[in-house]
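Please look over the sequence and the structure shown here before reading the briefing.

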Amino acid sequence: MILRLSSPAARVLLVVVALVLNAVLSYSGIRNALAVHDAELNTPDGYERATNLEPDDARNWYLLGRYWQYTLEDPDPQRAIRAYQTALSFDSHSADTWLDLASTYESEGNTVAARNAFVQATRLYSLSPEVSWRYGNFLMRRSELDAAFPEIKHAVEADPKRGAAAFALAIRFEPDVNTVLDRVLPHTKEAYLSVISALSDQRQTDQALIVWSNLAALHPQLKMSESYPLLDALFYKWQMTEAQVVWTQALAFSGVSRPADPPGSLVWDGGFESDVTNGGFAWYYAPFVGGVQTTVDKKEKHSGNRSLRLTFNGLSNVSFSNVCQLIAVTPSMPYLFSAWVQTRELSTDQGVRFGLRSLSPTVNSSAWTDDVKGTQPWTQIEFPWTAGNDVRELQLCVTRLPSTRFDFKIHGSAWIDDVALVAKPAENAKR
C-alpha cells in the first residue's frame with residue numbers, strides 16, 4: 001500500500017512527526033544504554049543513576065537493593081528493603097526479589113515480614129529448587145523442622161548436588177542419620193553419593209557407612225570410582241573390615257567380576273587382567289613417574305592375557321615404589337607372598353623387587369624380597385611374611401631401591417605377573 005499525500009503541508013507534517021519519533025526512540029535507546037552502563041559499574045552511585053534513568057525498570061531497583069544488602073563496606077538493610085519493594089511494585093512476580101527481600105527482613109529481626117515474603121515466593125514458584133531451599137533454611141532456623149524438611153527435600157529432588165549441604169544442615173537439628181535420610185533426602189543414588197563424598201572428605205566414616213548402607217539397599221548401578229572417596233576415608237581410619245564390605249558391594253554394583261587370582265590370595269588382580277585401577281583395593285600406578293614407564297603388556301605374560309611392564313629410561317638412579325596395592329590382613333597371621341618376574345637388560349646392581357610395608361596406628365615397618373635384574377626368564381619370587389600383632393593393613397609395592405654404585409643409572413625392562421599373598425596353614429607356619 002502506498003500512502004499519497006495531497007499537499008506539501010501534509011508532507012512536511014509527516015517529516016516532522018517522523019523526526020520527533022526518531023528523536024524519542026533515540027533518546028530512549030541512549031537512556032537505556034546509559035542505565036545499563038551505570039548498573040554494570042557495580043557501585044551505589046551507578047545503581048542510583050540507573051534507577052533515575054530508567055525508574056520503571058524493576059531490575060535496576062533489584063540490583064540497587066542487592067548492593068545495599070550484601071555490600072561489605074557499608075550495608076544498609078533498610079535502603080535495600082525500600083529498593084526491593086520498589087522493584088516489586090514494577091514486577092511482583094520476581095522470585096529472586098521476594099527471596100532477597102525475605103532475607104533482608106530476617107536479618108533485621110522482622111521474621112513475620114520475612115515469612116510473608118518467603119511464602120509469596122513459594123506461591124509464585126513452588127517448583128523452584130532455589131525457592132524451596134531458601135525457604136526451608138528459614139524454617140530450619142526457626143526450628144520448624146516438620147515444615148522445613150519437605151522444602152529441603154524438594155530442593156534436593158530437583159538438584160541432587162544439594163544433597164551434601166542438605167544433610168549437613170539437617171544433621172545439626174536431627175542427630176539420627178537414618179531419620180535425616182528418610183525425611184530430607186530423596187532415595188536416589190545421586191543424592192546419597194553427594195553425601196557420602198562430603199562425609200568421606202571430613203573422615204566422618206560412621207555416618208558415611210550408614211548412608212552407603214542405604215545406597216546399597218537401592219542396588220544401584222555404580223562406577224567403581226564412586227566408591228573411592230569412602231574407601232580412602234576407611235583406609236585412613238584403619239577400618240579395613242568395613243572397607244572390604246564396601247569394596248565387595250561396589251564391585252557388584254559396578255558389574256565387575258574378580259579376576260582369576262589363585263585360591264585364597266588376598267591380592268586383587270595379581271595378574272593385571274582388570275582395568276580397575278587407582279582406587280580401593282586395586283593397583284595404584286601412573287603411566288610415567290621418575291624415568292619409569294608403566295604399561296600393561298598383552299604380548300609378554302606368565303599366564304592369563306597380560307602382565308605389567310616397567311621400562312626404565314636409563315637417565316637416573318631411580319628410587320621406585322610407584323606400583324602399589326593395599327591389602328587387608330589379619331593380625332599375627334603368617335602369609336606366603338609370591339610373584340613372577342621377567343627382566344630384559346635390566347642394568348645396575350639394584351633390580352626389581354617387592355616391598356611389603358606393615359601399616360597400623362602403632363606399626364610402620366617394611367620388608368623387601370630379593371630382586372631380579374639383568375636378563376632373566378620368568379622367575380618366581382617367594383617371601384614368607386607375618387603380620388604384626390596390631391597390623392590389619394599391608395601396602396604391597398613393586399620396588400626398585402636406589403643404587404650406590406658408579407653405574408647407577410638403570411635402564412631395561414621388567415614384567416610382573418601372578419602376584420599373590422596367601423595365608424599359610426598354622427602347621428606350615430611353625431616349620
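This is a predicted model: local features need pLDDT of at least 70, side-chain atom pairs count only at pLDDT 80 or more; totals for chains, interfaces and linings use all residues.

Residues are numbered from 1 along each chain as its sequence is written, and side-chain values use heavy atoms, with hydrogens and water left out. Helices (H or I, at least four residues) and strands (E, at least two) are DSSP runs numbered from the N terminus. Buried stands for under 20% relative accessible area, exposed for over 50%, and partly exposed for what lies in between, with a 1.4 Å probe and protein chains only.

**Aromatic rings**

- Rings of Phe, Tyr and Trp (its six-membered ring) are taken to pair if their centres lie within 6.5 Å, and the planes count as stacked when under 30 degrees apart, as edge-to-face when over 60 and as tilted for the rest; by this rule the count comes to 12 aromatic pairs.
- One of these pairs is Phe-272 with Trp-283, which is stacked, with 4.9 Å from centre to centre and 25° between the planes.
- Both Phe-272 and Trp-283 lie in the loop between α14 (240-254) and β1 (288-289), so the pair ties together parts that are 11 residues apart in sequence, and both residues are buried.
- Tyr-335 and Trp-385 form a tilted pair, with 5.9 Å from centre to centre and 35° between the planes.
- Because Tyr-335 lies in strand β5 (residues 334-346) and Trp-385 in strand β8 (residues 374-386), this pair ties together parts that are 50 residues apart in sequence.
- Tyr-335 is buried, with a relative accessible area of 2%, and Trp-385 also counts as buried, at 7% relative accessibility.
- Phe-235, Trp-247, Trp-268 and Phe-281 form one aromatic cluster.
- The charged end of Arg-203 sits over the ring of Tyr-236, 4.1 Å from its centre, where the rule asks for NZ of Lys or CZ of Arg within 6 Å of the ring centre and within 35 degrees of the ring normal.

- The expected span of a helix is 1.5 Å times one less than its number of residues; helix α3 (residues 58-70), with 13 residues, reaches 18 Å from its first C-alpha to its last, close to the 18 Å expected.
- Helix α3 is mostly covered, since 10 of its 13 residues are buried, among them Trp-61, Tyr-62, Tyr-67 and Trp-68.
- Asp-57 caps the N-terminal end of α3, with a side-chain oxygen 3.0 Å from the backbone nitrogen of Arg-59.
- That distance can be read against the rule for a polar contact, a pair of N or O atoms within 3.5 Å in which, within protein, one must be able to donate a hydrogen and the other to accept it, and in which residues adjacent in sequence count only if both atoms are side-chain atoms.
- Helix α5 (residues 95-107) has 13 residues that should span 18 Å, and its end C-alpha atoms are 18 Å apart, which agrees.
- Helix α5 is mostly covered, with 11 of its 13 residues buried, including Trp-98, Asp-100, Tyr-105 and Glu-106.

**Pocket and cavity**

- On a 1 Å grid over the protein atoms alone, a cavity is a set of points where a 1.4 Å probe fits but cannot get out, a pocket is an open set with protein on both sides within 12 Å along at least five of seven lines, and lining residues have an atom within 4 Å of a point.
- Grid points are joined across faces, edges and corners, and a volume is the space filled by probe spheres set on the points; the largest pocket has a volume of about 160 Å³.
- The lining of the largest pocket includes Gln-244, Trp-247, Arg-258, Trp-268 and Phe-281, and α14 and β4 (320-328) each supply at least two residues of it.
- The structure holds 1 cavity of 30 Å³ or more, and the largest cavity has about 30 Å³ of space.
- Residues that line the largest cavity include Phe-272, Trp-283, Tyr-285 and Arg-306.

**Individual residues**

- Gln-325 is found in strand β4 and counts as buried at 1% relative accessibility, and a polar atom of its side chain lies 2.6 Å from the backbone nitrogen of Trp-268.
- Tyr-284 lies in the loop between α14 and β1 and counts as partly exposed at 26% relative accessibility.
- Tyr-284 and Val-323 are 39 residues apart in sequence and 5.6 Å apart in space, C-alpha to C-alpha.
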